[in-house]
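Subject: Structure handover

Hello,

I am passing this structure on to you. Please open it first, then read the notes below.

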Amino acid sequence: MSGLSRALLNEDEIAEELALLPLWAREGHTIVRAIELASFPEAIRTVVKVAEIAEEMDHHPDIDIRWRTLRFSLMTYSEGGLTRFDVALAARIDGVLSAATSA
C-alpha cells in the first residue's frame, strides 16, 4: 500500500471514488457502511478478517458491533479527512463483506 497517497481528496475526487463504492455513504469527513450478517459469531469472524487487512495496511477503521450488525467508518485521522487509503480499505472491506454474505 506504499503507493497510495495520504493526501486529502478534493470534493470531485471524493464523488468519483464514492461512485465506485455504491454501498458506502459519506458522513462529513468519513465514509461509512453498515451490514447485517447472519449471526453474531459470523459478524465477529468478519471483524477479525477486516482487522487483519487493516493491520497489513496500517490503516484502521472505526468498527461498531451491535449484535450481528457491523458499521465501518473510515477517514485518515492524521490528515483530517478522506484519502486514497480510505478508498482502498473500503474496497477491501467490501470484498470481505461480499464473501461473508455469499457463504
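Start with His60, which is placed in the loop between H2 and E3. Helices (H or I, at least four residues) and strands (E, at least two) are DSSP runs, numbered from the N terminus. This is a predicted model: local features need pLDDT of at least 70, side-chain atom pairs count only at pLDDT 80 or more, and totals for chains, interfaces and linings use all residues. Residues are numbered from 1 along each chain as its sequence is written, and side-chain values use heavy atoms, with hydrogens and water left out.

His60 counts as partly exposed because its relative accessibility is 40%. The cut-offs are these: buried is under 20% relative accessible area, exposed is over 50%, and partly exposed is in between (1.4 Å probe, protein chains only). Leaving aside neighbours within four places in sequence, His60 is in contact with Ala54 and Glu55. Contact means heavy atoms within 4.5 Å. The side chains of His60 and Glu55 also make a polar contact, at 2.9 Å. A polar contact is a pair of N or O atoms within 3.5 Å; within protein, one must be able to donate a hydrogen and the other to accept it, and residues adjacent in sequence count only if both atoms are side-chain atoms. His60 and Ile35 are 25 residues apart along the chain, and their C-alpha atoms are separated by 18 Å.

Asp58 is found in the loop between H2 and strand E3 (62-66). Asp58 is not a glycine, yet it has a positive phi of about 55°.

Trp67 and the charged ends

Trp67 has its place in the loop between E3 and strand E4 (69-74). Its phi is positive too, near 55°, in a residue other than glycine. Trp67 is exposed because its relative accessible area is 59%. The charged end of Arg68 sits over the ring of Trp67, 4.7 Å from the ring centre. For this, NZ of Lys or CZ of Arg must be within 6 Å of the ring centre and within 35 degrees of the ring normal. Arg6 lies over the face of Phe85, at 3.8 Å from the ring centre.

What about ring against ring? The count comes to 0 aromatic pairs. Rings of Phe, Tyr and Trp (its six-membered ring) pair if their centres lie within 6.5 Å; planes under 30 degrees apart count as stacked, over 60 as edge-to-face and the rest as tilted.

Is Thr76 buried or exposed? Thr76 counts as buried, because its relative accessibility is 2%. It lies in the loop between E4 and H3. Its side chain makes a polar contact with the side chain of Thr83, at 2.6 Å. Another, of 2.9 Å, joins the side chains of Thr76 and Asp86. Beyond four places in sequence, Thr76 is in contact with Arg6, His59, Gly81, Thr83, Phe85 and Asp86.

Thr30 is in strand E2 (residues 30-36). Thr30 counts as buried, at 12% relative accessibility. A polar atom of its side chain lies 2.8 Å from the backbone oxygen of Glu27. Thr30 and Met75 are 45 residues apart in sequence but 4.9 Å apart in space, C-alpha to C-alpha. Not counting residues up to four places away, Thr30 touches Ala25, Ser73, Leu74, Met75 and Leu82.

Glu17 lies in helix H1 (residues 11-19). Glu17 counts as buried, at 17% relative accessibility. Its side chain and that of Arg84 are joined by a polar contact of 2.5 Å. Residues up to four places away aside, Glu17 touches Leu9, Arg84 and Val87.

How many cavities of 30 Å³ or more does a search of the whole structure find? The search finds 1. On a 1 Å grid over the protein atoms alone, a cavity is a set of points where a 1.4 Å probe fits but cannot get out, and lining residues have an atom within 4 Å of a point. The largest cavity has a volume of about 50 Å³, volume being the space filled by probe spheres set on the points, which are joined across faces, edges and corners. Its lining is Leu9, Ile14, Glu17, Leu18, Ile31, Leu82, Thr83, Asp86 and Val87. H1 and helix H3 (84-102) are the elements that give two or more residues to that lining. H1 gives the largest share, 3 residues.

Best wishes

Note on methods
1 Å grid on protein atoms, 1.4 Å probe; cavity = no way out; pocket = protein on both sides within 12 Å on 5 of 7 lines; lining within 4 Å.
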